[in-house]
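Biologist: I have some questions about how you call things in this model. Could you walk me through them?

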Amino acid sequence: MYKKIIPYINCENELPVNIINEAVQYDIGGADELFVYNYSKDEASREEFLGVVKELTKQIDIPVIIGCFVKRFEDVKKALYTGASYVVVKNSICNDDNVIKEATDRFGKDKIIVEIEDYKDSYNQDLMDHFLEIGVYACILKHVELSKDFMEIIDASKLPIIIRDSLSRNDILSLMEPQNIIGVSTNYYKNKDMFKAKRSLKAQSIDVNTFDSSMDFHEFKLNSDGLIPAIVQDYKTSEVLMMAYMDEEAYHKTIETGKMTYHSRSRNELWVKGDTSGHYQYVKSLSIDCDKDTILAKVAQVGPACHTGSRSCFFNELVKKEYDDTNPLTVFQDVYDVIMDRKKNPKEGSYTNYLFDKGIDKILKKCGEEATEIIIAAKNPDAEELKYEISDFLYHMMVLMAECNLDWSDIVKELAHRR
């Protein structure tokens with residue numbers, strides 16, 4: 001298992017937009033996970049923080065570790081419902097085994113991380129074994145001193161350790177070396193090149209998560225100019241965005257930086273997409289076709305891909321035959337978008353606005369009625385009626401989602417966790 005660089009963000013008294021922007025930069029900059037925390041006891045502050053994390057998890061792909069004030073199982077549940085992958089429980093705030101046990105029984109033994117602040121007094125092998133027994137996934141230790149005695153405890157521990165340190169001494173190598181340390185959480189890499197740091201660690205035999213090509217560039221089939229075409233897709237929608245060419249230097253630069261880099265044929269030079277426009281393409285995956293003569297890049301695209309300002313370069317239609325291009329994966333989102341538009345921009349005579357005006361009780365009543373209609377229709381031998389009832393139920397369910405400030409990304413992410 002590779003060692004992780006886990007940036008942390010102290011969210012106390014920080015503007016939500018700044019938190020989210022910083023999180024996005026860490027995500028595209030090479031972080032393996034992100035630790036965000038606000039341990040305020042104030043209920044209003046906690047709710048605001050949970051709302052920010054919920055929005056944040058929609059905008060980044062790396063796992064999120066959330067640290068918040070936890071005293072009860074309900075606090076853990078609320079934290080995980082933001083979409084976070086792990087919840088940090090401070091040992092100094094909550095040392096109730098029942099809370100952790102209930103959380104691990106409900107959500108699994110890979111969700112709870114315990115943070116120990118006074119590790120010199122509290123950290124010992126018996127405590128680590130106890131945490132492991134009640135289902136704790138890992139332990140965070142702050143500002144450690146890697147003494148011989150401490151390293152012996154680390155080496156003996158069966159519980160994975162995350163070291164939290166500002167790295168003011170920039171000694172990440174010594175923190176990464178012990179076997180049971182799975183990552184370092186730090187704010188040291190804010191506005192720094194994490195890909196460069198990872199390459200340095202890898203050169204010193206630390207197993208970190210970097211881009212590594214499974215094939216040598218010389219195995220590719222190039223055109224007469226020594227170039228290979230790269231087709232670029234949006235990694236979520238699979239929309240084709242553009243096509244450009246790579247030479248060996250551009251390919252290795254892409255692997256090294258995580259940003260799509262090409263060879264400009266017109267200027268005969270290296271071209272990092274976005275350096276001029278700001279419309280960078282951050283690599284999610286690179287594949288090659290069966291003939292090894294075309295690369296497929298799936299990317300996170302910032303802004304439009306085309307120099308004309310169009311989302312995609314492929315917008316000039318040449319020939320088209322009418323066909324049904326209904327995509328079941330986008331229909332739900334399209335309908336939901338219409339419902340949200342009605343909520344934001346009410347339309348006279350709209351049934352959707354009628355439901356919003358009546359409020360949550362009316363919406364719940366309709367969901368219940370439509371669920372009952374599904375049960376009745378399912379008993380009939382003909383499935384025709386059933387499809388209408390399911391469609392009615394799904395529509396009303398989406399109205400309920402909109403009323404409760406949920407969207408499809410919330411649902412899909414939760415379902416993905418259950419696979």
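Modeller: Happy to. It's a predicted model, so local features need pLDDT of at least 70 and side-chain atom pairs count only at pLDDT 80 or more, while totals for chains, interfaces and linings use all residues. Residues are numbered from 1 along each chain as its sequence is written, and side-chain values use heavy atoms, with hydrogens and water left out.

Biologist: Which residues of helix 2 are called buried?

Modeller: R46, F49, L50, V52, V53, L56 and T57. Buried means under 20% relative accessible area, exposed over 50% and partly exposed in between, with a 1.4 Å probe and protein chains only.

Biologist: How do you know that they sit on the same side of helix 2?

Modeller: We take the arc of the directions from the helix axis to the C-beta atoms. Theirs is only 165°, which puts them on the same side of helix 2. On the other side, A44 and E48 are exposed.

Biologist: And what do the buried residues of helix 2 pack against?

Modeller: Helix 1 (16-28), strand 2 (34-38), strand 3 (64-68), helix 3 (73-80) and helix 15 (408-417). Contact means heavy atoms within 4.5 Å.

Biologist: What about helix 6, which residues are buried there?

Modeller: In helix 6 (residues 125-133), those are L127, M128 and F131. They cover an arc of only 100° around the axis, so they lie on the same side of helix 6. The face turned away from that buried side carries exposed D126 and E133. Just after helix 6, G135 has a positive phi of about 100°.

Biologist: What makes something a pocket and not a cavity?

Modeller: On a 1 Å grid over the protein atoms alone, a cavity is a set of points where a 1.4 Å probe fits but cannot get out; a pocket is an open set with protein on both sides within 12 Å along at least five of seven lines. Lining residues have an atom within 4 Å of a point. The largest pocket has 27 of them, with K236, W408, S409, V412 and K413 nearest its centre.

Terms used:
Helix = DSSP H or I, 4+ residues; strand = E, 2+ residues; numbered from the N terminus.
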